[in-house]
Amino acid sequence: MSMSPTASVSNGSESAAKRRRTNGADTNGSPASFPVGTPATHIPKRGARACTACRKGKNRCEGDAPCRRCQLSGTPCIFEKPEKKNATPAAAGVNAERLSRLEGQYLVMQSHMIGMQSSLDRILSVVQGQAHSGAMFPPPPPSSQAVGNRPFEEERGDKFPPLPGFAPPPHKYATYGIIPSTAASSEDESEDTLPRATLNAPIEALQGLANAAAEAAAVPSSSAPRVKKRKRAEPIPRNAFPHVVEKGLVADSEARELYNIFFAGCHLFIPVFDPLYDTYESLMERTPWTFDAILAVAGKIRSGNGPLSPTFYKCLEEAQGIARSSLFGPVVRKEAVQGMLLLAAWSTNGWLPSGHAMRMALDLGLHRALEKLADDTGKQRTQEEERDLVISARIWLCLYWFDHQMSLGTGRPIVLRDENSIRHCRLILGHSMASPTDVRLISQVELIAQKTQIYETLAQMNGQVNHNTLAFIRRATIALEKWFNECDELHRQQTMDENSLLRKILAGELHYAKLWLVCVALRGVSWDKMPFEQRELAFQAKDAASSCLDIFLSSPEYRAALRYAVHDSLVTAAFSGLFLLKMASLFPAELDLALITVQVEQLAQLLSDVAAERYALTLRIMLANLRRKVGLGSGIQTPVPHAGPPPPGFADMVVTPTSYVNPNLPPPFTMEELGFGPGDRNIVVPTAIPLWLQEQSLNDLGLPVNGSDGIFLQMAGNGWAGDFAPMPEAW
């Protein structure tokens, strides 16, 4: 009987399948060898031996073509060819192309690394050649030429392009990102590791490694190399810039005189130094930057309200030049923060330099110093490490207080709000290395912390004085009095009597804080719309201002020390006088106008004597306005501070009477009304007078939003006597 075509196909496929199952491998288990030209058939896995129809119906398939289900249903029995797991030639080509591309990138990176290494070698050879030849610094330019006006030196192949008048560091060690700070307040890193900044500065790190390799190669070794423990942090390199005495700009005898002037009173207003440790020789050796800044401040104080000396300009030029060199590279000395803080403190526009000093301190980790001092885990520290912590903590506390005071005084946002960095501040007072001025520093830090909380609370009320506001002011006043009692006791424990200067300053700060509290709360409130409770607040502020003024005028020590004061202390005195004049103008029948006038005139004279003309002239304008309004007469009851022309910086505000006529406004003030010589009919430009002092704002007893910037005259230059045209405005 003949077989059907279907059966033949089935039998043939079955036989082929059996052959595939039996002959798929030889007896040794190795892949079977096929005749040349016969392709090896792929044995599909069990999951792949199903036709398309059975796979869709999820039925069991016999695996032979055609299967029984397809035969019965008449469906074409189709087996899909399974994908081969072996890579195709196209895929192999893609992988080869990717590998070739990665190899090319590696070669490019390798060439870049070689180029950087060769550049570093050339830098090292140039710096070493300069150090051996003794040409570390260029010859100093003439002192009369301002730093900002000097042209750059011609850039040559063997030199860096320096800052104007300042050479690159003479030592071979890089100081940008690789030398760790030895201040024991660096974050949470161990003292024998590089700072985190190194991770972000690969070129600087490579340069440091090249420096270390060159140093090791220069020392001959007689023994076989051995594995050593990781060395501790490398010591800070020597100073990159010389001080003014070393450069021959200031004689040593004059520099000592200026140093003594500074530590006769300046360090009381910025208590960041320890006179027993920060001696003349010590500061000169450790920090030329701070040394030059100290001499510059003292040079200004020595000049008083007279012409500024060439020594002042030379020291200021050098200190500011070093300061500018720190703008684009990490610093390695905590004393650099002291130098920048001094430049900011004795400036009428210290907002920018104080912000830079704050970030330098954060970069050095000074904000962790108090926390490490308070660590009682038993870790033993050497005397040098202990002193380093105390100095770092003192610098941080002083900078924290000053930066917050700048923010509150000018209405600008506070840069740092981390109160945890100051919570152990009183720990310094009991330390064996405490400075005599640390008690003032701690009191200032605790006061500014309270004032910050007061400001943030009252700022949210937007000038709305309701029962909640009044209750908060009462609580804040009680807290301020508690602060004063505790800090006054700390001063007394330091063997200070009641008439000592620091205790007088502390009392004045209490009264000014009470005045400031009410003025912030009454911001934008007019006196004629005040209810009885708000009116009582205004008179409480008047009493605080009067008490503050009495301390300034009645204490001979305070009057003598005012010549050393920073501008924030001058604002304290001047604003107290201005507030009294406003109250006298609004409530002439309820205040002693004659007493207030005499007190303010004495204060204006005192400020003129210490070259604080910006504040003295502001007081004189308000005095002239009060005389006009209440008819006290135009005579000056105290000697005028100047018998000639107005002080420098005020001339731009004065014009001739014929050049300004506006019948819709009150007549401008004449120079005679301000006390500058009889018969001087020149007038003050009304637009130069701040809005808070003008006639339409006399009803406002509140503090302006921009603080002191909206109260006092904006004189040309920096508010100090002298020609500051070539000097940067940061000073």
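How many nonpolar, polar and charged residues are in the lining of the largest cavity? I counted 4 nonpolar, 1 polar and 4 charged residues (Ala, Val, Leu, Ile, Met, Phe, Trp, Tyr, Cys and Pro count as nonpolar, Asp, Glu, Lys and Arg as charged, the others, Gly among them, as polar).

Before going on, I noted that this is a predicted model, where local features need pLDDT of at least 70, side-chain atom pairs count only at pLDDT 80 or more, and totals for chains, interfaces and linings use all residues. Numbering runs from 1 along each chain as its sequence is written, and side-chain values use heavy atoms, with hydrogens and water left out.

**Cavities.** I found 5 cavities of 30 Å³ or more (on a 1 Å grid over the protein atoms alone, a cavity is a set of points where a 1.4 Å probe fits but cannot get out; lining residues have an atom within 4 Å of a point). The largest has a volume of about 70 Å³, a volume being the space filled by probe spheres set on the points, which are joined across faces, edges and corners. Its lining includes Asp274, Gln338 and Met433. Helix H13 (residues 383–410) gives the largest share, 4 residues (helices are DSSP runs of H or I, at least four residues, numbered from the N terminus).

**Helix pair.** Next I looked up H14 (residues 438–459) and H15 (residues 467–493), which pack at about 175° with axes 10 Å apart (axes are lines fitted to C-alpha atoms over the stretch in contact, and angles run from 0 to 180 degrees between N-to-C directions). The two are therefore roughly antiparallel (angles over 145 degrees).

Technical notes:
1 Å grid on protein atoms, 1.4 Å probe; cavity = no way out; pocket = protein on both sides within 12 Å on 5 of 7 lines; lining within 4 Å. Parallel < 35°, antiparallel > 145°, perpendicular 65-115°, else oblique.
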